Amino acid sequence: MSYVDGFVLAVPKAKLDDYKKLANLAGPIWMEHGALAYVECIGDDIPYGELTSFPRAVQATDDEIVVFAWAVYESRQSRDTVMAKVMADPRLTPDMGAMPFDMKRMIFGGFQPFIEL
C-alpha cells in the first residue's frame, strides 16, 4: 500500500504567484526523485469554522489563501528515501526567510492509507 505526505499552509494573496512558481519547481523534483504523484490545491470552498477548519488550522488571515497539497509514494520507506533526496536537492535550497509563506504555520505529516480505491 502507498504512503502519503499531506501539507496545509496559508499563502498571502500578494505572494500567490511566487508560491505557484515554487510549487511548479518543487513538483517535478519530487517526481524525479520517486514520488508517484504530487498535487497542490488552492482553497475554493473552505469556510471558516466556529471551532475547526482549514483556515483556523493554519491561522489564515483575510489576505491569505489556504493551500492543501500532497505527495504519494510507493511506501513509507520510499517516502523516506525520496524526501531525503528532495531535501538535499540544490534546486530546492531556498533562503528560508524568502519563502512566500510562513513556514511556522504549515501543517504537514505522513499518512498510511488504509483504503485505496
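Start with the whole chain in view. This is a predicted model. For 117 residues, a compact globule would have a radius of gyration near 13 Å, and the chain has 15 Å, which agrees. Orient the view along the principal axes: the C-alpha atoms fill a box of roughly 40 × 35 × 20 Å.

Next, switch to a cartoon and color by secondary structure. The chain holds three helices and four strands, and reading along the sequence gives the pattern β-α-β-α-β-α-β. Among contacts between residues at least 6 apart in sequence, 81% join residues at least 24 apart.

Of the 117 residues, 40% count as buried. Then color the charged side chains: there are 11 positive and 17 negative ones, and the centres of the two sets lie 4 Å apart.

Now select residues 16–32, which form helix H1. This helix has 17 residues and reaches 24 Å from its first C-alpha to its last, close to the 24 Å expected at 1.5 Å a residue. Show side chains for Leu16, Tyr19, Ala23, Ala26, Gly27, Ile29 and Trp30, the buried residues of H1. In an α-helix there are 3.6 residues a turn, so residues three or four places apart point the same way. What covers the buried residues of H1? Select strand E1 (3–12), strand E2 (37–42), strand E3 (64–73) and helix H3 (76–88), which are included in that cover.

Step past the end of H1 to Gly34. Just after the helix, this glycine takes a positive phi of about 125°.

Go on to Gln59, in the loop between helix H2 (54–57) and E3. Most residues other than glycine have a negative phi. Gln59 has a positive one, near 55°, and is not a glycine.

The last stop is Asp44, in the loop between E2 and H2. Asp44 is also exposed, with a relative accessible area of 75%. From here, draw a distance from the C-alpha of Asp44 to that of Ala84. How far apart are Asp44 and Ala84 in space? The two C-alpha atoms are 32 Å apart, while the residues are 40 apart in sequence.

Conventions. Residues numbered from 1 in each chain as written. Predicted model: local features only at pLDDT ≥ 70, side-chain atom pairs only at ≥ 80, totals over all residues. Heavy atoms only, no water. Helix = DSSP H or I, 4+ residues; strand = E, 2+ residues; numbered from the N terminus. Rg over C-alpha atoms; globule rule 2.2 N^0.38 Å. Buried < 20%, exposed > 50% of the residue type's maximum accessible area, 1.4 Å probe, protein only. Contact = heavy atoms within 4.5 Å. Lys, Arg positive; Asp, Glu negative; His and termini not counted. Charge placed at Lys NZ, Arg CZ, Asp CG, Glu CD. Expected span 1.5 Å × (residues − 1).
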